[in-house]
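Please read the following walk through a two-chain model with the sequence and the coordinates at hand.

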Amino acid sequence: MTVNHLIIFFITCVVLYLIGALSSLLSYSSPKISNQLSNTFALVASGLLSIIMLYKLLFLKDISLNFNTNIPFLSLDFNIDNLSAFFILIISIVTMVVSLYSYTYMSHYFYIRNVSVFGFFYNLFILSMILLTASSNLLLFLIFWELMSLLSYFLVIYEHEKEDVQKAGRIYIIMTFTGTAFITAAFVLMAYWTKSFDLATISESAIPSNYANIIYVFLLLGFGTKAGIIPVHVWLPYAHPVAPSNVSALMSGVMIKMSIYGLLRMVFDVLPDNAMWWGVLTLVIGAISAILGIAYSVASTINIKRLLAYSSIENMGIIFCGLGITLIARATDNTFLLSLALTATLLHTLNHAVFKSLLFMSAGAIQYSAHTRNMEKLGGLIKKMPIASVFIFVGCLAISAVPPFNGFISEYIIFQTIINCIIWFAPLGQFSLVILFMIVAAMLALTGALVAYGFVKLYGVSFLGVPRSADAENAKEPKKPMLVALGISASLCLVLGIFPKYIIGLIDNVSNECVNLKLLSTNWSLTNFLHYPIEKNNLNISVSLLTIIIMIFVGIVALIVMALRKRTSVQRYNTWDCGFTKLNPKMQYSATGYSKSLRIIFRGLFKPNRDLVITEGYGPYYIKNGNYTITTEKVIEKYLYKPFIKMIINFSRKIRFKIQTGSIHAYLMYFFSILILMLLYYSFMG
Amino acid sequence: MIESVLKLIFQVIFILLIAPIFTGVIKKIKAKVQHRIGASVFQPYYDLMKLFKKDLVVSSTASWIYNLAPYMYFVTSLVAMSCLPVVHQLTGFTFFTDLLIIVYLFVTGRIFMALAGLDTGSTFGGMGSSREMLVSALVEPALFLIIITVSARAGVASTNVSSIYEFAVNHTETAFTPINILLFASMLMILIAETSRIPVDDPSTHLELTMVHEAMVLEYSGRQLAFIELGTYLKQLVFMTFMANILIPIGFNIENIFLSLGIYLLKILVITILVALVELNTVKLRLYSIPNFAAIAFIVSVLGFLTCFILK
């Protein structure tokens, strides 16, 4: 394939998404056909796109497309280099699986909601992300960024008549526009210095360091809002749970990764020198997001999707940690560390996209079969949906970093990066950095353990034990396309975990472009087939061989058990009930109870409040009725956002009657005076 | 290659044989100090033999996870134990002898056990499972700091056991330095927390208010319980071996394998006595005091880290 072929294929994909969007809209009379059309086109386009991007990453051909327009500064420049290609690969893999999943998932909206409009927005949303990643003009980037935010907003408020959906939509749109405002400000500052919005031109001209500092802080705030970094995360736990599950899979799997893309793109293309404190700042907020995200995820949720949303904050925090180390290494010109940290960042981005989309799809599958997302009403699903529960189990193991699944390898590399940093900075006498890395490592360790806690809670309460409601009792295995989609995602988790070498080979091409160093010697020979990756510095572990060893041990144990089984018998009997009456489902440990000890230990974070109302019968020991409520407070919203909002509202109220008089003469005077001021400014300064 | 495979097999058989005895020793020491005769130090072996022969009672609500969990717990502990060098470095197996792999193997086993606790639908199981996940989460930062300290000190930028062990063998003078003592103290506390011993958990009680690990495995019987017990013995031995061979790097004798084996067992015995003494002199903590215990372990490991990299 030559470059021209790739360009033609890329345009074909874009057109396919557009056809998918339009055909879904045109076939509005039959939701079934509309759903099939939109998902089939998205599926085919994403499949084709992932092959193209894989080819591009392997054989390193830049794809660029240029169209000039008459609009000043805006030229339709698209350029897909390795970094863009890697992110488009993530988008296309996730959308491929999610589209397959949507065949079944959307069917429960048939004749209740407008499925054809959904298909329209769905395809355009995917397309906007792909073109955003491909565009090499800042204005174009901004346009697609806004399109992406708007289209995702429409998808989030799909069940728009519900009150919580409206509230979530409002919070989401306000936060995302605030973020975009910061990004726009950063872009304008860049363009102010370079007199161009074209990335290639900007990258050639140096931006003075004090401006670069402001630009980076703006970028961090802007992209951080989209990424859901604490404290600008508030929209994420609202918007993800209320959106349809395929949309939350796309948003959490892919959309929030666009902020990582944006940051990496701007840092490596536009800001050639970065100060050390950029990295430190990013690392610190990343670590804080990781730990607070997972703490909220475990302790204050009974809604599966809210748990997953908080866990997305945690994972974005880990990715930001990787990014922070990348920037620290870049500031000290250590190419090996830089390349290692970048690899960790990109690998975790990919892995999180895969397992988080799997988990959000799982939440959708649970809702599809059991009609609830509330863990307290689930239970025993492993017997009702035996195949799906295996795939969901894989997702939970992958996110808890259990070898051999993919979450393990990226966490492993992140810890290796931190150790390398300590070894590098300790002899240089930069002790504050060493202590910082130590604290971050400890925070990430606690995060990792809490992730396991949270996902044991998710899986244990909703899938094991006895059903807690009639809905869970009547749950059924979801239909084929949904199962296949879950299965593909689960096997991707396994394959990416067992053969990380190949994906690290791809990432090497990306980091080679940014850093000019390859971690792997990229000979793809058979001797290296099993061994994982970084030969430098004796880092080579092999997850695949580890898996084989575990398998051998499991086999031996299985043989022993077989031998023992002949001599002994197995009796199925009721769970031990202390000799009292038969156990009932309400006596099981609940999701709230499961995380109670954590809430108490970290009560400063959650401010838990319990309320126990008891109706007594014959005496204090004969309780007729009891009502136990536990609430946790959203501390950041209460102490950070509420005062801020109050301040703004008060301020607006005060000046409202001074500026907004309602008289048209006053407004005309504002226009006129601004015009005069502008003319004066340009006649003297310009 | 064949030689190293044989070595691995010998190591696996050896550790399986010796692992239960240390629990027997702890119980014996406790009995002696309390002026009881106590059971024989081989009692754990008799218990295991009996459990292997017994019939099973499985809860009717349990799923395949409940049946798989004991074997996964056992296998992960066994693989973790074969990562560590008992007497010799297992050459040829560096691809999985990694400290982080050991930690994540433990996480795997713990996840399976915690899920199994929830699987039977009993309150005890859920309570134990929740507490077990909590306790191990609290000591995780200290564990990672110890790992980071020993691996960064070896200077090869890797958590691989082979390089850390090599550093330990070549630097026997580090045996009783402040760094090692601090790390050792912290590791001892982690050992106590992770293997459910007093003051964090009481392995010999079946009172629901105090149970952690025992509550989680309450429903198990027969060979499944035997595998869980064996897994716990192995897990205990992993921590002890780490302390003995990496934090007290003395008495390695590469030529005479039996001598170094004897020294290894002696070191493990000393650690066992330490654990028994801690058990004898403390009482079980309230559940909400365990964070303080974990915080002390963490602070001690931080001091170890700082001594290693900043104060030297």
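**From domains to the chain contact**

The domain assignment of chain A, whose bounds come from an automatic or database domain assignment, gives domain 1 (585-631) and domain 2 (638-685). Between the C-alpha centres of domain 1 of chain A and domain 2 of chain A there are 50 Å. This is a predicted model, in which local features need pLDDT of at least 70 and side-chain atom pairs count only at pLDDT 80 or more, while totals for chains, interfaces and linings use all residues. Residues are numbered from 1 along each chain as its sequence is written, and chains are lettered from A and ligands numbered from 1 in the order in which they are written.

Chain A as a whole has 27 helices and five strands, where helices (H or I, at least four residues) and strands (E, at least two) are DSSP runs, numbered from the N terminus. For its 686 residues, a compact globule would have a radius of gyration near 26 Å, and the 27 Å of chain A agrees with this; the radius is taken over C-alpha atoms, and the globule rule is 2.2 Å times the number of residues to the power 0.38. The C-alpha trace of chain A spans about 95 × 75 × 65 Å along its principal axes. Of the 686 residues of chain A, 53% count as buried, a residue being buried if 20 or more other C-beta atoms lie within 10 Å of its own, exposed if 12 or fewer, and partly exposed in between, with C-beta atoms placed from the backbone.

Strand 4 (residues 609-616) of chain A is hardly covered, since the count of buried residues among its eight residues is zero. This strand runs antiparallel to strand 5 (residues 623-631) of chain A, to which eight bridges join it, and the two form a hairpin with six residues between them. Within this pairing (two strands pair if DSSP finds at least two bridges between them), V613(A) has N627(A) in strand 5 of chain A as its bridge partner.

Another pairing crosses from one chain to the other: strand 3 (residues 570-573) of chain A and strand 1 of chain B pair in the parallel sense over four bridges, and V570(A) stands opposite L56(B) in strand 1 of chain B. In total, 66 residues of chain B are in contact with 67 residues of chain A, two residues being in contact if their C-beta atoms, placed from the backbone, lie within 7 Å. On the side of chain B that touches chain A, helix 5 of chain B gives the most, with 17 residues.

Within chain B, helix 10 (residues 257-281) has 25 residues that should span 36 Å at 1.5 Å a residue, and its end C-alpha atoms are 36 Å apart, which agrees; the expected span is 1.5 Å times one less than the number of residues. Its buried residues are Y264(B), I268(B), I271(B), T272(B), V275(B), A276(B) and E279(B). What covers these buried residues includes helix 1 (2-33), helix 7 (178-194) and helix 9 of chain B.

L84(B) is found in the loop between helix 3 and helix 4 of chain B, and L84(B) counts as buried because it has 25 C-beta neighbours inside 10 Å. Leaving aside its neighbours within four places in sequence, L84(B) is in contact with V161(B), V238(B), T241(B), F242(B) and N245(B). L84(B) and I246(B) are 162 residues apart in sequence, yet 9.6 Å apart in space, C-alpha to C-alpha.
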